[in-house]
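Subject: Structure for you to look at

Dear colleague,

Here is the structure I said I would pass on. Please open it before reading the notes below it.

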Amino acid sequence: MTDFLLGHFVYWSIIILLIIGLYGMMFKNNLAKKLIGMIIFQVSVIMFYVASAVKWSATVPVLDPVTGVADAAKYISPLQHCLMLTAIVVGVATSGVAFSLAILIYRNYKTLEESDLLNHMKSS
Amino acid sequence: MVHNSPALVPLLFLAAAISIPLLAIRNEKVAYPVTMVASFGSVVISSYNILLVLRTGPLTYHFGGWFPPIGIEYVLDPLSSFVALVVNVIAFFVLWHASGIQEREIPGKSVPYYALAMLFLCGANGIIVTGDLFNLYVFLEIFSLAGYGLIGIGERQAPVASFRYLIMGTVGASFYLLGIGFLYIVTGSLNMADVRNILPHIPGNPAVAAALSLIFLGMGIKMAIFPLHGWLPDAYTYAPSTSSALIAPIGTKIAAYVLIRILFFVFGVELVSRSLPITDLIAWLSAIGILYGSVMAMAQNEMKRMLAYSSVAQIGYIGLGIGLANPLGYIGAVLHILNHAFMKGSLFLVAANLRKKTGRSDIANLDVSLRKKLPWSMAAFTVAALSMIGLPPTAGFFSKWYLALGAIDRGEWGFLAVILVSSLLNAVYFFRILEKVYLLPPPQTTGEDPLPEARTGWGFPVGEENYSLMIPVVIVSFSLLLIGLGNANIVKEVIQRVIPLGM
């Protein structure tokens, strides 16, 4: 049991991050807090990919004259990191759009509390 | 066959999206012609593509000359070229229509608006042609981010609706990304065809099941399948009319297409319908969604909100066809992607014409004078409404017919009942409007004539319609009759060529 918990501690921490993110998005009333939840959620997915690329007794995927290219297994796979660079860029773009929408909402209604916003939307 | 044309449409839209803000620095009137040229070009290229694909078989394009599975591959097979043609044709008519209402809906914002619309279509076409799972994620986010912008430009409440869509949509995309992460860990590949070949060698792997559930969940949010549809009604209601007419026919259909592509062409029918009961789950959720969407649509007082709830129901038909997982259901689902794009497109365009004419599109305000003021828009509305209800020979009948046959083929009588009941519910909420416009007596008036003699053009009564608003609506809705009459050819020549293996 302890082996199961400790052996997968990376995945447990990723699951905890995922749940924190989902909790923030679903239960927080303030839109800025929802956004923080969304970013935590995205980061947990990025951590998942990075964790999947970890390999002991291997080196960074840059050609090393000592190691050579004969044994490719001595390098870690660079693909996950490349994918996550793209995903980070996408995440930054998403939060940029989200923040600009939040600013627009604040200009229109002078509040970011979702319960107030729903009341305003119904009345107008 | 390796060919350049799969990459042309996404690149054309990307080039248009970048060049519109640059060209429009001096004069913002340039934006609209550039948009129309790009949109018309995409229709031409995708028609050429589908003819080429039907004649010579699937086309592929390898980015940077890297061969799959290492490089990114673009694939046009009969299914993807068909969906691409549907998307580009409907987008062309919606953008044509946009010229008449842009002053009312998006005053002073036409340059960023058209650039975003181009980016939106770039993402849509990229999703359709790509054969790479991660590339699909990138295009999905391009598509969604442009969509949030298109919605947020609208009314005062639109940013709130768009924000909620953004949160839900990002969760969906992240679930999708997590799913392909699992898939990559077990297969070591991101190319769809390659993953398809590897998966049968690792039966019973729990990571594949996790990947499947996560991808279904993510795409279900984007597709607004029943319990995950929360973002849709507000987003469609408060968006500018052009955005509603662009996103309602294209947005959710793209997600449905991705679901079809990944469930049946990556995981395979055997896995999704027999080893794991994912398709049964989709079918039941969709059946509930059909009834829920129809009942909610009946309760709405505002036309765009009614159409939004009706979209939830119509997505259910596509989901039901996917969930049946037999050839008839699959034909029904793909045919309904075409039909619903044209039906919802023309209905939202009519709602836009109403808003332009009368300021609001509340159902309570509709009256008999509209049949003189907007005769062609109302005729278009009638055709599209009949198609939504599913009366032959309109297109809507035939997709429901295939879905019903598929349900009978599976022996699922419950789904057959859902299809029939929902047709009746559709009839209720559309005849409610048609009755107000065509059947009720004109309101009592004091003195002046409430229905002045209609203006005529080329010998036809055109009321007070604006040609640039009327012609696209009329073409889209009357082509529903053509699609209905020609549906046997579409099914035989296009859809039946790519029935997934093992159905």
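The notes below take the chains in turn, then their contact, then some local features.

This is a predicted model, in which local features need pLDDT of at least 70 and side-chain atom pairs count only at pLDDT 80 or more, while totals for chains, interfaces and linings use all residues. Residues are numbered from 1 along each chain as its sequence is written, and chains are lettered from A and ligands numbered from 1 in the order in which they are written.

Chain A

Chain A has 5 helices and 0 strands, giving the pattern α-α-α-α-α along the sequence. Helices (H or I, at least four residues) and strands (E, at least two) are DSSP runs, numbered from the N terminus. The radius of gyration of chain A is 21 Å, well over the 14 Å that the globule rule gives for 124 residues, so chain A is more spread out than a compact globule. That radius is taken over C-alpha atoms, and the globule rule is 2.2 Å times the number of residues to the power 0.38. Along the principal axes, the C-alpha atoms of chain A fill a box of roughly 70 × 40 × 15 Å.

Of the 124 residues in chain A, 24% are buried. A residue is buried if 20 or more other C-beta atoms lie within 10 Å of its own, exposed if 12 or fewer, and partly exposed in between, with C-beta atoms placed from the backbone. Among contacts in chain A between residues at least 6 apart in sequence, those joining residues at least 24 apart make up 47%. Two residues are in contact if their C-beta atoms, placed from the backbone, lie within 7 Å.

Chain B

Chain B contains 20 helices and 4 strands. Its radius of gyration is 22 Å, close to the 23 Å from the globule rule for 503 residues, so chain B is as compact as a globular protein of that length. The C-alpha trace of chain B spans about 80 × 60 × 45 Å along its principal axes. Of its 503 residues, 60% count as buried. For contacts in chain B with a separation of 6 or more, 80% are between residues 24 or more positions apart.

The contact between the chains

Chain A puts 26 residues into the contact and chain B puts in 22. On the side of chain A that touches chain B, the elements giving two or more residues are H3 (31-52), H4 (79-109) and H5 (114-123) of chain A. H4(A) gives the most, with 13 residues. By class, this side of chain A has 19 nonpolar, 6 polar and 1 charged residues. Here Ala, Val, Leu, Ile, Met, Phe, Trp, Tyr, Cys and Pro count as nonpolar, Asp, Glu, Lys and Arg as charged, and the others, Gly among them, as polar.

A helix pair in chain B

H13 (residues 303-324) and H17 (residues 395-410) of chain B pack at an angle of about 35°, with their axes 10 Å apart. Axes are lines fitted to C-alpha atoms, for helices over the stretch in contact, and angles run from 0 to 180 degrees between N-to-C directions. B:Tyr317, B:Leu320, B:Gly321 and B:Leu324 in H13(B) meet residues of H17(B) that include B:Leu403 and B:Arg410.

B:Ala325 has a positive phi of about 55° although it is not a glycine, and it is buried, with 25 other C-beta atoms within 10 Å.

Strands and other backbone points

E1 (residues 59-62) and E2 (residues 73-76) of chain B run antiparallel, joined by 4 bridges; strands pair if DSSP finds at least two bridges between them. B:Glu73 in E2(B) is the bridge partner of B:His62. B:Glu73 and B:Val75 on one side of E2(B), and B:Tyr74 and B:Leu76 on the other, are all buried.

The loop between E1 and E2 of chain B holds B:Pro69, and the peptide bond from B:Pro68 to B:Pro69 is cis, with omega near 10°. The peptide bond from B:Pro392 to B:Pro393 is also cis, with omega near 5°.

In chain A, A:Lys110 lies in the loop between H4 and H5. Its phi is near 60°, and A:Lys110 counts as exposed, with 9 C-beta neighbours inside 10 Å.

Regards
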